[in-house]
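Please examine the sequence and the structure shown below. The briefing that follows takes up selected features by topic.

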Amino acid sequence: MKTLSYIVLLLFFIGCAKEVKPWEKETLAKSTMEDAGGNALSKQYEEHIYFSKEASKGGGGVAGGGCGCN
Amino acid sequence: MKNIIWTFLLGSQLFAYDVGDTISPAMVEHLGLGGEKVYVIDFFASWCGSCQKEVPLIAKANVTLNHNEVEIIGIDVDKKPENAEAFQKALQAEGALNFRVVNDPQNLVIAEFNPVGMPTLYYVKAQKVVKIITGAVDAIDAQIHSDLKKMR
């Protein structure tokens, strides 16, 4: 029973641990995968509304890049 | 059971070439790494922004290298051959691709090297990995010359 529990637990890990390799990121590298689908004007418009509602400027992003290579 | 779990969790990183590792005979034959030269292997793809900047710089470094001692080999990991062909043609038209390129649409070559990022440069001497540079380097041409000088 204990072994069976481990196997079931391992099966859960399999679902979570699928790693996207660096050479498999072609689709993720597309501009359409960015916020607002790569539409710069739409992004600017949404940021304008966000900052107006928040009554502040900045804080809409995160520091650092996303490639994890540097 | 613990061993199985650890092997599973760490497995993806266990099968990556690191400094000091010997390249498999099948890969040596496939890429033509059997000579006495230092081989500089660059993994790139058309969709990789950093690679687009780096390949022309590597080509620039290649102009002044002694080709009896060093060979640069590009590995294009584009899955669509038409994308690889278009990217390489565009680079050639600009004079930014002057080294041998091996297309890897099945990603078998890069899966064996298993780098942690793109672009990645491997220095291979006597079928052994001597150095690995992962990620974009601004002056990669100068870096290649500097590294090769140290390897002589």
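Which residues touch the most other members of the largest nonpolar core? They are B:Phe43, B:Phe113 and B:Met118, in a core of 47 residues. This is a predicted model, in which local features need pLDDT of at least 70 and side-chain atom pairs count only at pLDDT 80 or more, while totals for chains, interfaces and linings use all residues. Residues are numbered from 1 along each chain as its sequence is written, chains are lettered from A and ligands numbered from 1 in the order in which they are written, and side-chain values use heavy atoms, without hydrogens and water.

**The nonpolar core**
- A nonpolar core is a set of buried Ala, Val, Leu, Ile, Met, Phe, Trp, Tyr and Cys residues joined through side-chain atoms within 4.5 Å.
- Buried means under 20% relative accessible area, exposed over 50%, and partly exposed in between (1.4 Å probe, protein chains only).
- Strand β1 (residues 38–44) of chain B gives the most to this core, namely six residues.
- Helices (H or I, at least four residues) and strands (E, at least two) are DSSP runs, numbered from the N terminus.
- Beyond its neighbours within four places in sequence, B:Phe113 has contacts (heavy atoms within 4.5 Å) that include B:Ile41, B:Phe43 and B:Tyr122.

**Helices of chain B**
- Helix α3 (residues 49–63) of chain B has several buried residues, among them B:Cys51, B:Val55 and B:Ile58.
- The cover over the buried residues of α3(B) includes β1, β2 (70–76) and α4 of chain B.
- B:Ala86 belongs to helix α4 (residues 81–93) of chain B.
- B:Ala86 counts as partly exposed because its relative accessibility is 47%.
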